Amino acid sequence: MSLASQMLEFFRRKAKVILGGGEKAIEKQVAMGKLTARERITAILDQESFHEYDLFVEHKCSDFNMDKKQLPADGVITGTGKISGFPVCIFAQDFTVAGGSLGLAHARKITKIMDHAMKLGLPLIGINDSGGARIQEGVNSLAGYGEIFYRNTQASGVIPQISVILGPCAGGAVYSPALTDFVFVVDKISKMFITGPEVIKTVLGEEISMEDLGGARVQTEISGNAHFFAHSEEECFEQIKRLVTFIPWNNRKRPDAFPARQPKPEFDVEKVIPVNPRLPYDMRTLIKSLCDDSDFLEIQEHWAANIVIGFARLNGETVGIVGNQPLVLAGVLDVDSSDKAARFIRFCDAFNIPLITLVDLPGYLPGVDQEHAGVIRHGAKILYAYSEATVPKVTVILRKAYGGGYIAMCSRHLGADFVFAWPTAEIAVMGPEGAANIIFRSEIAAADDPDAMRQTKVQEYTEKFANPYIAAANGHVDAVIGPHETREFLIHSIEISRDKQEYRPQKKHGIPPF
Amino acid sequence: MEEKDKLSIFVIDDSQYETRLTEKFKFRRPYAKPNPKHVLAYIPGVIQELRVQAGQTVKWGDSLLVLEAMKMKNDVTALYDGTVKSVHVQKNERVIKNQLLIEFE
C-alpha cells in the first residue's frame, strides 16, 4: 500500500469521527442555542493551537446492543492548546454523541488528559455538556465519574482547574465542577443539579423548572456554586481568557507579571469613602482606585455580595483581594460570605498569589437563622484560611473593624505581614453606640435625660476608641497611612515579600471546619 | 435606582448603617418557637396510613401515622401521653416538610 492510500484511509476514518454525532445531532445542538464541542474549544483556544488526542477511542460496552453503536470519540474531545500563549489541557463533552453521556472510555479520556495536566503542571479546562451517566454501561460509568473526582481532588491546589457548564450537568456529574476552582455558567444554557425536576416531582410532589432549580442565575445568585455568569458562550469564553491571565500554570509558579500601570484617573482613592462609618460606598470602586489600570476581575459577584473577592494587579503583579462591601448588609460577615472568602483565600495561598485584605465591617451578622445555619462553623473557615495562608498577607483597615470581624479580616493576630490603617479607621470591640450602652448602662439609666447622656457617652467613647491609634500604640497596626499613599505602601510591601518564607508544623493536612 | 439598589437602615450593636439588603436577608424566615403540641412532617412525603383520630387518647410511643418518604415507610409516633385534638391530613395526602399533621390537646 502506498502512503497516499494510507493517508486516504486515515482521512476517511478521521472525517467519520470528527463530525461527532452527525449533522442531525449538530442541528439539534444549534437549535438549543449551543455551540458544538469543537467550536467551543476553537473559540477558547488561540487559533490553530489545539492538539487533539484519543480521537479514535472506542467504548467496549456490548450490552443492550451497544456493540452495534459507534460513538465517535466516545462523546468527548480532549487535547492541549494555548490561551494567549498560556498552555492548557482541555476537554469538551460532545452532546451530539449519545447526549454526551459518560461511559468508561469517555471518562478514561478525561482522566488521561487530567493526568497529563498534573504531570505537565498545566491548568485544566473542562467543558461539561452531558446528559449524565451512560446507563447501558452501568457501574462502569459510575467508576468513570469516581476516577474523575479522585483526580480533581489530587489536582486541587496543584494546577488551576476550571469548569465550564455549557449544557446539562446533573446527578453525580456536578461533583467534578464542584471540586474545581472556578465554575463558569451561561444564562439559559447551564443546568446543574443533583436530582432533577422529575425526581423532585415524583418523590416530593414539588414542581419546578430546570431553570429555576439549577439554571445559571440560580447557581450564581442563590447557591454560590458558580463563580462567573455570562449571557452568552462568547462572553463566557472572554471571561475564561481574562481569568487565565491572573493565575499561574501551577503551584510551583507565580502568575505572569504584566507591565505596571497606574489606576485610571476617574477612580480617585480620596473620594470613595464617606468619613461617616455609617454611610455606604462601593468597595469595588475603592479597589479600582488602587489597582493597575483599575482592572479588577471580580469572582462570585452575585452571591454573598457583602464580601468582594477577586484578582487585580499591583505594579504588574497579580494579587488576590478580599474586601468587605459596606454597600451590602453594611459589609457583615455571615455564613455565605465567610465561605466565599475562605475558599478564595485558600486558592490564592495554594497558587502563590499575595493577599490584600481591605477591612470595613461592623462584625458578624446577628440572627437566629445565621446561628442555626452554623455561622460559628462557617465563620471559622475564614479564620482558618487566613491563619493557614503563608503567601504575603497585607491588610488595610479603612474604617470600621469591630469585634470578631476585626480579628477575622486578616488581622496581625492571624499572621498578616503588614497591617495598615487609615486615619478614619475605628478598631474596637464594637461600634460606639453599642459599647456606650453597655459600659455606661447605669449612668444612662440614672440620668435625668437618658438620651442626652447616651449621646454624651457615645461621643466620649468615639473620641477615645474610634480611631487607629490605640491599635497602633500596641503594634497591632504597623503604620497609619493616608488614602493617597495606600497604593504605594501596598506595592512596596508586596515587592519586599517576594521571597517570604514561613514554616508551618509538618502535618498530613489540617482539618478546616468544612 | 432599581428596587434592589435602594438603601435601607440596618442596625448592628445599636449602630445604624445605611446599606442594601440582600434578598436572602429580607426573606429570611423569622424564628418561631416550636409548639410541642404540634406533630410536623420532618420530611416531605405521602401519608400512607392514619392510625388515630380526633379525641383519641394515645400513649408515648403509640403509632400516629405512617409517612412514606424516599421509599421508606416512617412510623410517626406520639412523643408523650395525651389526647389527639385534631388530625390535619388525610390518607394518601402529600405533605411538605414541616407541615402540620396532628395537633394534641
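This is a predicted model: local features need pLDDT of at least 70, side-chain atom pairs count only at pLDDT 80 or more; totals for chains, interfaces and linings use all residues.
## Nonpolar cores

The largest nonpolar core holds 143 residues. Six residues have the most contacts inside this core: Ile125(A), Val164(A), Phe184(A), Ile240(A), Ile345(A) and Ala401(A). Another core lies apart from the largest one and has 9 residues. Among them are Ile47(B), Leu64(B), Val95(B) and Leu101(B).

Take Val164(A) in the largest core. Neighbours within four places in sequence are left aside here.

## Where chain B meets chain A

On chain B, 20 residues are in contact with 24 residues of chain A. Two elements of chain B each give two or more residues to the side that touches chain A: β1 (8-12) and β2 (15-19). The largest share comes from β2(B), with 5 residues.

By class, this side of chain B has 9 nonpolar, 7 charged and 4 polar residues.

## Helices α16 and α18 of chain A

Helix α16(A) spans residues 432-439, and helix α18(A) spans residues 450-465. The two pack at an angle of about 115 degrees. Their axes are 8 Å apart. The crossing of α16(A) past α18(A) is right-handed.

From α16(A), the contact draws on Pro432(A), Glu433(A), Ala435(A), Ala436(A) and Asn437(A). These meet Arg454(A), Lys457(A), Val458(A), Tyr461(A) and Thr462(A) of α18(A). By class, the contact has 5 nonpolar, 3 charged and 2 polar residues.

Notes. Residues are numbered from 1 along each chain as its sequence is written. Chains are lettered from A and ligands numbered from 1 in the order in which they are written. A nonpolar core is a set of buried Ala, Val, Leu, Ile, Met, Phe, Trp, Tyr and Cys residues joined through C-beta atoms within 7 Å. A residue is buried if 20 or more other C-beta atoms lie within 10 Å of its own, exposed if 12 or fewer, and partly exposed in between; C-beta atoms are placed from the backbone. Two residues are in contact if their C-beta atoms, placed from the backbone, lie within 7 Å. Helices (H or I, at least four residues) and strands (E, at least two) are DSSP runs, numbered from the N terminus. Ala, Val, Leu, Ile, Met, Phe, Trp, Tyr, Cys and Pro count as nonpolar, Asp, Glu, Lys and Arg as charged, and the others, Gly among them, as polar. Axes are lines fitted to C-alpha atoms, for helices over the stretch in contact, and angles run from 0 to 180 degrees between N-to-C directions. A crossing is left-handed if the near helix is turned anticlockwise from the far one by less than a right angle, and right-handed if clockwise.
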